[in-house]
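Have the viewer open and follow along.

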Amino acid sequence: MAPKGRVVVFGRGPAAGGILRAALDAGYRAVALKDLRAIQREVPDAAIAVEASAADHLRKREALEAIGNALQPHALLLADALPATAAECAAWTGQPRLCVGYGVVGSLADQRVVELVRSPATYDEAMEKARAFFADLGRETRDVGDRPGLICGRTIAALANEAAWAVTHGVASADDVDRAMQLGTNYPRGPLAWAREVGVDRIVAILENLQRHEGEAYEPAPLLLKMAGKRKETVTR
Amino acid sequence: MIGAGTMGAGIAASASAANYEVYLVELAAAARERAAAGLTKTLGRLLPDAAGAEAAFGRIRLVDSVAQATSGDIYIEAVPEVLDLKRTVFAELARLAPAGALLATNTSSLAVGEIARPTGRAQSVVGIHFFNPPAVMKLVEVVRAEQSSDESVRRAVEFVERLGKTPVVVRDTPGFVVNRVARPYYLEALRAIDAGAADAECVDAVLEGLGFKMGPCRLMDLIGLDVNLATTRSVYEATHVERLRPSPLQERMVAEGRLGRKSSRGFYDYGA
């Protein structure tokens, strides 16, 4: 078997960590990148660059621009398509043909199926490489349309948001809401505990992406903003 | 227990299995017969020891009016979700139940405070919301209405705990916790499908891949799209927040009679 290509994963959250571990387990030479200097140094040798930034929109854009600049012409760029659409991500990279959006909410260890999404410019070859990479990591993939939050992100984020609004409205405490949802619906985790695990800032970023494209229905609850350490003024329009 | 449908009979079985003496009030003779057969089955499952199940069955008296059950400590109403019907029951309870009795409604979609109004003793009224099937599901939402006394809530919590279930105290708001917080699970799937992002099978695969036992589309087919839509509507109409607005796709499917398994067709086909 030919040696597997080099994989670089940019980001700090559970999503980045989970993909890195899965790539190492699958026999890839994989390294974590924490800053722009590491991107400039490592991406030119990478066959696959995975962008899994923390929540901040501006830093995500900077990272995608830097990865796009350093990317080899035959490499694959996988962009986290939950806090921004695949079309936006692809445009930021300057290499839209090589860019495929993917959806992993929290740790990949907890997710059996990965959504893939193309930008208008993405090559078929890039899509095939993306499918092969996640198949190598033991995951099923599904092609989905480029809607904000994809399926996995919008569901987990909207559940957490409704749970947070319920707490804000004094319906029950956060712990009671989580307990009720696990016992009453068989959800694998309580929505607020799930948000904490994924990173509340990431949940807020997914909601803000939905809010930008779909409107007020996705306004993050004040409790989520508080949990994420954000002030409300930063999101009200 | 007032009302011997699925919920009423199931709650009666749980209570008798926990050593309560139960009067199960049901007007319709046919429904009483059905309930008796159901009780035997449910108690057999709850209490594997045959003698224990038989004794529990003996603790339940099926009667046809509240007038035959005037010495209760706890009254639980589980008649259909129609406000006037429930109010009629509560007016009767106000006349016939002892002064210190706890009065509870098993509503899932109506305001407990509204149901309590005709009693003149709203401080004694709470919601005790069981989930279906009530003998199996561990969660019970204990609903504190604006006028419910702390003592009434405490008694309801204690009752639920004695049944071996987990009470969660919630405020009297549309959908309480579970029926409200679960809305996005269905709505986001419907919106994604309506936007053409994915089909039902894809949505279910992605969410089952995240650990949900059943994807939202398969689950709506099981529940019935009409029943699921009615829950969304009742929460939306009581709140009017955009987040909870019913999905036009679901409205269309219900209008076309695509209700899920019961109509052989919903998101999936189930043969004729």
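Start with a group of rings: A:Tyr187, A:Trp194, B:Tyr185, B:Tyr186 and B:Phe212 make up one aromatic cluster. Before going further, some housekeeping: this is a predicted model, where local features need pLDDT of at least 70 and side-chain atom pairs count only at pLDDT 80 or more, while totals for chains, interfaces and linings use all residues. Residues are numbered from 1 along each chain as its sequence is written, chains are lettered from A and ligands numbered from 1 in the order in which they are written, and side-chain values use heavy atoms, with hydrogens and water left out.

For a charge to sit over a ring here, NZ of Lys or CZ of Arg has to be within 6 Å of the ring centre and within 35 degrees of the ring normal. A:Lys4 does this too, lying over the face of A:Tyr28 at 5.1 Å from the ring centre.

Back to ring-on-ring contacts. Over all chains, the structure holds nine aromatic pairs. In A:Phe133 and A:Phe134 the ring centres are 5.3 Å apart and the planes meet at 65°, so this pair is edge-to-face. The rule behind that takes rings of Phe, Tyr and Trp (its six-membered ring) as paired if their centres lie within 6.5 Å, and calls planes under 30 degrees apart stacked, over 60 edge-to-face and the rest tilted. Both A:Phe133 and A:Phe134 are buried (under 20% relative accessible area, with exposed meaning over 50% and partly exposed in between, using a 1.4 Å probe and protein chains only).

What about the cysteines? A:Cys99 is in no disulfide, and its nearest cysteine sulfur, that of A:Cys89, is 6.1 Å away. A:Cys99 is also buried, at a relative accessible area of 2%. For A:Cys152, the closest cysteine sulfur belongs to B:Cys202 and is 10 Å off, too far for a bond. A:Cys152 is buried as well, with 0% relative accessibility.

B:Asn132 and B:Pro133 are joined by a cis peptide bond, with omega at about -5°. B:Pro133 lies in the loop between β5 (125–130) and β6 (139–144) of chain B; helices (H or I, at least four residues) and strands (E, at least two) are DSSP runs, numbered from the N terminus. B:His240 is not a glycine, yet its phi is positive, near 55°. You'll find B:His240 in the loop between α11 (225–239) and α12 (248–255) of chain B, and it is exposed, with a relative accessible area of 53%. B:Ser264 has a positive phi too, about 65°. B:Ser264 sits in the segment after α12 of chain B and counts as partly exposed at 24% relative accessibility.

On a 1 Å grid over the protein atoms alone, a cavity is a set of points where a 1.4 Å probe fits but cannot get out, and a pocket is an open set with protein on both sides within 12 Å along at least five of seven lines; lining residues have an atom within 4 Å of a point. Grid points are joined across faces, edges and corners, and a volume is the space filled by probe spheres set on the points.

The second largest pocket has a volume of about 490 Å³. Its lining has 20 residues, and the closest to its centre are B:Tyr20, B:Glu21, B:Gly72, B:Asp73 and B:Ile74. α6(B) gives the most to this lining, with four residues.

How many cavities of 30 Å³ or more are there? The count comes to two. The largest cavity holds about 70 Å³ of space, and residues from both chains line it, including A:Asn161, A:Tyr218, B:Arg191 and B:Arg243. α8(B) supplies the largest share of that lining, four residues. The second largest cavity holds about 40 Å³, and its lining includes A:Phe10, A:Arg12, A:Lys34 and A:Arg59.

Technical notes
A disulfide is a pair of cysteine sulfur atoms within 2.5 Å.
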